[in-house]
Amino acid sequence: MRRDKRQGFTEAHSTGNAGTPTPGDPAEGRGGRVTEPREGKAAGSPTSDKVSTKLARIAELAKEDSSRALRSLAHHIDAEFLKEAFQRTRKDGATGVDGVGAEDYEANLDANLASLLDRFKSGTYRAPPVRRVHIPKGDGSTRPIGIPSFEDKVLQRAVAMVLNAVYEQDFLACSYGFRPRRSAHQALDALWKGLMDTGDCWIVDADIKGFFDTLEPKHLRDFLDLRVQDGVIRRTIDKWLKAGVQEDGSLSFPDTGTPQGGVISPILANVYLHEALDKWFHDVVKPRLTGEGFMVRYADDFVLVFALEEDARRVLEVLPKRFGKYGLTLHPTKTRLVHFAMPDGTEDDSDSEDNDGGNAPRTFTLLGFTHYWARSRAGNQVVKRKTSKSRLARAIARISEWCGQHLHEPIAEQCKVLGQKLRGHCNYYGITGNSGALGEFRKELLRAWRAALDRRSHHAHMTWDNFNRLLEHHPIPAAIAVHSTLRLAAKP
């Protein structure tokens, strides 16, 4: 496809081939196919060699011809395959509408899996409705989460394993969410490398409004038709899409969406956005750009990066039309154009996170990190990342809430749990250049703990002097940037 500056970004090739890899792209998120091992594994290595061999065979068949739909996949799912799926399913999750937990199901595991396999293969399996709960979001709203029954989770895991083996041969390198051996940190690293290579740039910071609730089953079926036409698997997926939602005792059957929280939902969401966004950007948009451009996507969170303002504005203009074709809507206030430019002089943009005044904002947030330009210790302009203000405030609020709820527990136990929470926070947010935000989180954690202990009784009087003496016997670990390149480079 030749480049024509006057040509718009059409809707052509919406379900065509993903194109060939671009050798030597400076950022992983600039297109090209994944070159990882073929097994579509969810996490870790299969406990069964037979399951591993089956997944490798599925991947091999999918890789042989990317335009061919596979019609015989369900026979790979047998009793041993379901047992592997059971092993990979979380055992500590909330129960679904039937109230059956992992321990109850495991008590008669072989018989339960045999029954599940028979119902799956014969087509008599009935997908139960998911139990919907709401969890708070940072903006004060809530996110609906669907909780399938445990048996449903096992079968969803088995089908997801098969789908992953197929689609890992198709998904582009710009996609990172809920994929084998891929992580949010890898997405952030790819974005950082791309931004450093591009320099001053323009970013479409997009937000899909209610993606998991508005995904249209008709389009999903069309997308699946391109690669998976096994009747048993497709009928089972349709049952999950039609299973319904139980909330506060009432049962409803939404016309759109897939339950956010379902085991099968991430792979279905990736298939949807692979066709609706990734391939379109790689096959249609990039060849028509005047300058350079790339994208990074983690599930339904993504950014589009352009070297030239005119390219960014043209894509931002057509993006709502592209999404509208597939029933998706961009959030009108959260989607914006960011002029990600190096600041003048010695100042940095670290405090301009909320800048949306007369000029285009100069920072953006992805996966909980605010990205901004600043000076390195050597005086060079570099892209830095820090915990976003909203994420940091939310994390501190959760710590304060926990301290208030557990203030009467033994001090040693409180210290242990708070240390675990701090390490968990650092395991995600502990990246290069974010030590300031990590230190702020630890400081507020200590402040919240002392305040809670001061309310323990009328005679507590937990002054800072008393609290510091307590910390000598019950220390809270330091806030460490565990993913810092400087720290990792210092390791022998």
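In this predicted model, Leu-367 sits in the loop between β9 and β10. Its phi is near 55 degrees, a positive value in a residue other than glycine. Most residues other than glycine have a negative phi. Leu-367 counts as buried, because its relative accessibility is 10% and the limit for buried is under 20%.

The strands on either side of Leu-367 form a hairpin, with two residues between β9 and β10. Strand β9 covers residues 364-366 and runs antiparallel to β10. Three bridges join β9 to β10. Across this pairing, Leu-366 stands opposite Phe-369 in β10.

Strand β10 spans residues 369-375. Six of its seven residues are buried, and the strand is mostly covered. β10 also pairs with strand β11, which comprises residues 381-387. Seven bridges join β10 to β11, and the two run antiparallel. Here Trp-373 stands opposite Val-383 in β11. β10 and β11 form a hairpin as well, with five residues between them. In that turn, Gly-379 has a positive phi of about 90 degrees.

β3 pairs with strand β8 (residues 336-340) in the antiparallel sense, over five bridges. Ile-203 stands opposite Val-338 in β8. β3 also pairs with strand β7 (residues 301-306), again in the antiparallel sense, over six bridges. In this pairing Trp-202 stands opposite Phe-306 in β7.

Cysteines were examined next. Cys-201 is buried, with a relative accessible area of 1%. Cys-403 is likewise buried, at a relative accessible area of 1%. Cys-174 lies in the loop between α5 and α6. At 2% relative accessibility, Cys-174 counts as buried. A disulfide is a covalent bond between the sulfur atoms of two cysteines. With a cut-off of 2.5 Å between cysteine sulfur atoms, the count comes to zero disulfides. Cys-174 and Tyr-298 are 124 residues apart in sequence, and their C-alpha atoms are 8.4 Å apart in space.

The loop between α5 and α6 (184-198) also holds Phe-178. Phe-178 has a positive phi of about 55 degrees, although it is not a glycine. At 47% relative accessibility, Phe-178 counts as partly exposed. Cys-174, in that loop, is buried at 2%.

Helix α5 covers residues 150-167. Of its 18 residues, 18 are buried, and the helix is mostly covered. At 1.5 Å a residue, the 18 residues should span 26 Å. The end C-alpha atoms of α5 are 25 Å apart, which agrees.

Rolling a probe the size of a water molecule over the atoms shows where empty space is left. The structure holds six cavities of 30 Å³ or more. The largest cavity contains about 90 Å³ of space. It is lined by 14 residues, and the closest to its centre are Val-130, Gln-156, Trp-240, Pro-259 and Ile-264. By class, the lining of the largest cavity has nine nonpolar, four polar and one charged residues.

The second largest cavity holds about 50 Å³ of space. Its lining also consists of 14 residues. The closest to its centre are Gly-93, Ala-94, Ala-102, Phe-150 and Lys-153. The lining of the second largest cavity divides into five nonpolar, five polar and four charged residues.

How values were computed
Residues numbered from 1 in each chain as written. Predicted model: local features only at pLDDT ≥ 70, side-chain atom pairs only at ≥ 80, totals over all residues. Heavy atoms only, no water. Buried < 20%, exposed > 50% of the residue type's maximum accessible area, 1.4 Å probe, protein only. 1 Å grid on protein atoms, 1.4 Å probe; cavity = no way out; pocket = protein on both sides within 12 Å on 5 of 7 lines; lining within 4 Å. Points joined across faces, edges and corners; volume = space filled by probe spheres on them. Helix = DSSP H or I, 4+ residues; strand = E, 2+ residues; numbered from the N terminus. Nonpolar A, V, L, I, M, F, W, Y, C, P; charged D, E, K, R; others polar. Expected span 1.5 Å × (residues − 1). Pairing = 2+ DSSP bridges.
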